[in-house]
Amino acid sequence: MTTYTMPNETGRYGNFGGRFVPELLMPAVIELEKAYEEAINDPKFIEELNYYLKQYVGRETPLYYAEGISKKIGGPDIFLKREDLNHTGAHKINNTIGQALLTRRMGKKKIVAETGAGQHGVATATVCALLGLECVVFMGEEDIRRQKLNVFRMELLGAEVCSVSQGSGTLKDAVNEALRYWVSHVNDTHYILGSVVGPHPFPKIVRDLQAVIGKETKQQIVEQTGELPDAVVACVGGGSNAMGMFYPFIEDKDVKLFGVEAGGAGLETNKHAATLSSGNIGVLHGTLTHLLQDNHGQIEEAFSISAGLDYPGVGPEHSHLHDSNRVTYTSITDDEALEAFQFLSKSEGIIPALESAHAVAYALKLAKEMKQGETLVICLSGRGDKDVEQVKSLLEGK
Amino acid sequence: MGKERIENAFLEKQSANENLFVPYIMAGDGGLEILEKRIEFLKKCGAAAIELGIPFSDPVADGPTIQEAGIRALENGTTLTAVLEKLNSFQEKRTVPIILMTYLNPIYVYGVEKFASDCREAGVDGIIIPDLPMEEEAFIAESLKAHSIAFIRLAAMTSPIERLVELANRTEGFLYAVAVTGTTGARTVHEENVKAYLQLLKENSSVPVLAGFGVSSVQQAQDLGTYCDGVIVGSKIVELFYNGKTEEVKSLIKGSISNEYILG
Ligand SMILES: Cc1ncc(COP(=O)(O)O)c(C=O)c1O
């Protein structure tokens with residue numbers, strides 16, 4: 001039996017990961033790594049984190065047996081890990097609460113963050129309000145248009161939202177600006193990255209903080225069915241909800257793991273965000289990983305119906321799990337996600353986030369190939385309230 | 001060629017009692033056709049070497065001026081391949097050292113070994129990679145060494161002393177002292193502690209120390225030049241060329257390199 005011990009001391013997941021940042025930021029990422037290792041080995045910190053996860057975030061979240069869709073498909077028993085029931089409506093807060101507590105421990109008073117859908121921005125603004133930290137959030141112009149309400153939410157929570165017009169005006173450009181801001185304010189500011197991307201130790205910190213999803217799921221599924229699941233499905237933008245869900249299952253080789261990327265208008269169209277399915281290796285935002293890029297190493301725009309999956313890179317650990325064949329990565333198109341969005345709403349009374357709808361759509365396909373008596377877990381990473389307006393206009397436009 | 005050409009060019013300037021001045025220009029901004037002329041012009045103005053930026057879609061160490069120049073260059077279809085070919089085409093005539101400044105990804109995708117060998121072929125003398133810290137540099141350092149290309153390290157004001165000393169030991173050609181806690185871009189004043197920082201680097205470096213980031217005037221160049229060997233000026237040069245103010249480029253360089261300049 002081998003034990004999975006990624007990353008190594010230099011932040012590598014096999015060939016992937018590392019820390020490719022300007023010298024200016026090196027002291028900060030080294031300091032962060034030290035502070036994090038100290039914190040997770042301090043029972044007081046863990047106790048504090050668990051307190052907020054339970055009393056503030058509302059954990060644990062249910063693992064809900066979705067009888068309606070299971071019966072309709074007539075295959076495996078389908079379970080939904082209800083991350084949509086967290087405070088602020090998605091898994092993102094599992095990470096932000098942990099990093100905000102870490103920030104306080106490091107004695108820093110200001111936070112910078114990027115956001116795509118606005119979910120990570122809201123989750124960051126929320127914990128900053130809670131802990132009295134100053135908060136600046138960078139968000140792409142295009143995303144601001146798609147997610148107006150989340151912009152207002154962040155402002156209501158006391159954060160300053162800065163519009164980013166460079167590039168495609170989406171998540172990648174927001175990360176660039178957040179990094180530039182961090183470079184200029186590194187002495188008193190912590191950067192709360194929202195996914196398992198960026199330079200080491202971010203992919204590890206975010207994974208560890210999100211691993212609560214997988215840990216709970218593992219315990220709950222055994223309680224409810226007596227065994228581990230046959231398959232687990234999660235959507236992959238940067239890959240934090242998926243990594244958090246997969247991590248505790250990596251050594252359980254009989255559990256099949258599926259990561260679902262955004263197929264946009266279809267992989268053949270070049271208008272998608274399916275990094276692992278069709279990208280190649282390079283360095284972006286401090287990490288060596290799979291990217292959407294041209295032959296000259298210029299990063300290309302990602303496209304997806306869902307702002308939270310619209311990123312041309314992916315966490316380095318996913319690149320490793322992809323290359324080592326431990327996880328199967330697939331993609332779901334905008335249209336398929338939209339259909340699953342409506343299907344889950346009607347069948348279970350649960351409106352999923354468009355991101356999560358990608359996982360649902362793939363799980364429904366997978367379920368058709370599985371047998372009765374098997375079990376399938378879907379990570380329902382967030383709720384769809386933020387997407388209702390967008391879906392309304394998409395459906396009316398049809 | 002390479003390291004030696006940089007060292008010799010710098011020595012020549014310093015023996016003539018001049019401060020070192022390295023202007024940064026973005027390759028392909030205004031088209032690659034003008035590159036040769038622009039390099040010659042800068043050389044005539046008194047540049048000790050030319051720092052030539054390769055445009056990248058996601059330049060996180062750069063402020064707005066260089067970001068925009070990069071976008072213009074990419075819109076012109078500028079690629080690393082095309083820049084190396086262009087440099088190759090007039091390398092015999094060129095008498096000023098060329099230092100490429102490029103983010104890591106274009107090199108990674110080009111292929112590290114091929115990059116180093118093609119740089120050598122094109123007469124490139126040095127390389128600066130702003131998103132490659134010491135911890136990750138080994139795989140590139142070897143190839144550059146094999147082709148005798150100077151690998152210029154960047155020091156930062158946030159780096160603790162041990163890192164600064166290590167960077168000063170490793171660097172080749174000169175040491176690039178990032179003189180602000182921030183991205184590239186014109187500023188009017190530098191932070192208080194910049195002097196102590198530059199002095200520390202000078203004490204620990206066997207090659208010249210040049211201050212860059214945020215330098216935009218003769219005044220600043222002269223001021224910083226008191227504590228190190230000269231300056232690198234990027235955003236201001238890029239902006240002046242973009243606005244067609246070549247005479248101002250000339251006076252900026254001439255004023256900066258002069259040791260007789262009277263501070264105003
Ligand atoms: C609900 C939801 N799911 C998934 C994602 C994608 O992020 P990740 O892949 O890091 O889980 C987002 C990002 O905003 C999100 O809001």
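1. Start with the ligand. There are 18 residues around it, and A:Ser195, A:Gly237, A:Gly239, A:Ser240 and A:Ser381 come nearest. Keep in mind that this is a predicted model.

2. Look next at the polar contacts, where a pair of N or O atoms must lie within 3.5 Å. A:Gly237 uses its backbone: an N or O atom there lies 2.7 Å from an oxygen atom of the ligand. A:Ser240 uses its side chain, with a polar atom 2.7 Å from an oxygen atom of the ligand.

3. How much of the ligand does the protein cover? On its own, the ligand has 390 Å² of accessible area, and the protein covers 97% of that.

4. Now consider the space itself. The ligand takes up the largest cavity.

5. What kinds of residue form the shell around the ligand? Eleven are polar, five are nonpolar and two are charged.

6. Step back to the whole chain. Chain A is divided into two parts: domain 1 (21-54 + 92-199) and domain 2 (59-89 + 202-397). Each domain is written as two stretches of chain A. The centres of domain 1 and domain 2 of chain A, taken over C-alpha atoms, are 22 Å apart. Domain 1 of chain A gives 42 residues to the contact, and domain 2 of chain A gives 42 residues.

7. Why does the ligand lie between the domains? Domain 1 and domain 2 of chain A both give residues to the shell around the ligand, so the ligand lies between them.

Definitions and conventions:
Residues are numbered from 1 along each chain as its sequence is written. Chains are lettered from A and ligands numbered from 1 in the order in which they are written. This is a predicted model: local features need pLDDT of at least 70, side-chain atom pairs count only at pLDDT 80 or more; totals for chains, interfaces and linings use all residues. Side-chain values use heavy atoms; hydrogens and water are left out. A residue is near a molecule or strand if one of its heavy atoms lies within 4 Å of it. A polar contact is a pair of N or O atoms within 3.5 Å; within protein, one must be able to donate a hydrogen and the other to accept it, and residues adjacent in sequence count only if both atoms are side-chain atoms. Accessible areas come from the Shrake-Rupley method with a 1.4 Å probe; for residues, only the protein chains shown count as cover. On a 1 Å grid over the protein atoms alone, a cavity is a set of points where a 1.4 Å probe fits but cannot get out, and a pocket is an open set with protein on both sides within 12 Å along at least five of seven lines; lining residues have an atom within 4 Å of a point. A molecule sits in a cavity or pocket if more than half of its atoms lie within 2 Å of its grid points. Ala, Val, Leu, Ile, Met, Phe, Trp, Tyr, Cys and Pro count as nonpolar, Asp, Glu, Lys and Arg as charged, and the others, Gly among them, as polar. Domain bounds come from an automatic or database domain assignment. Contact means heavy atoms within 4.5 Å.
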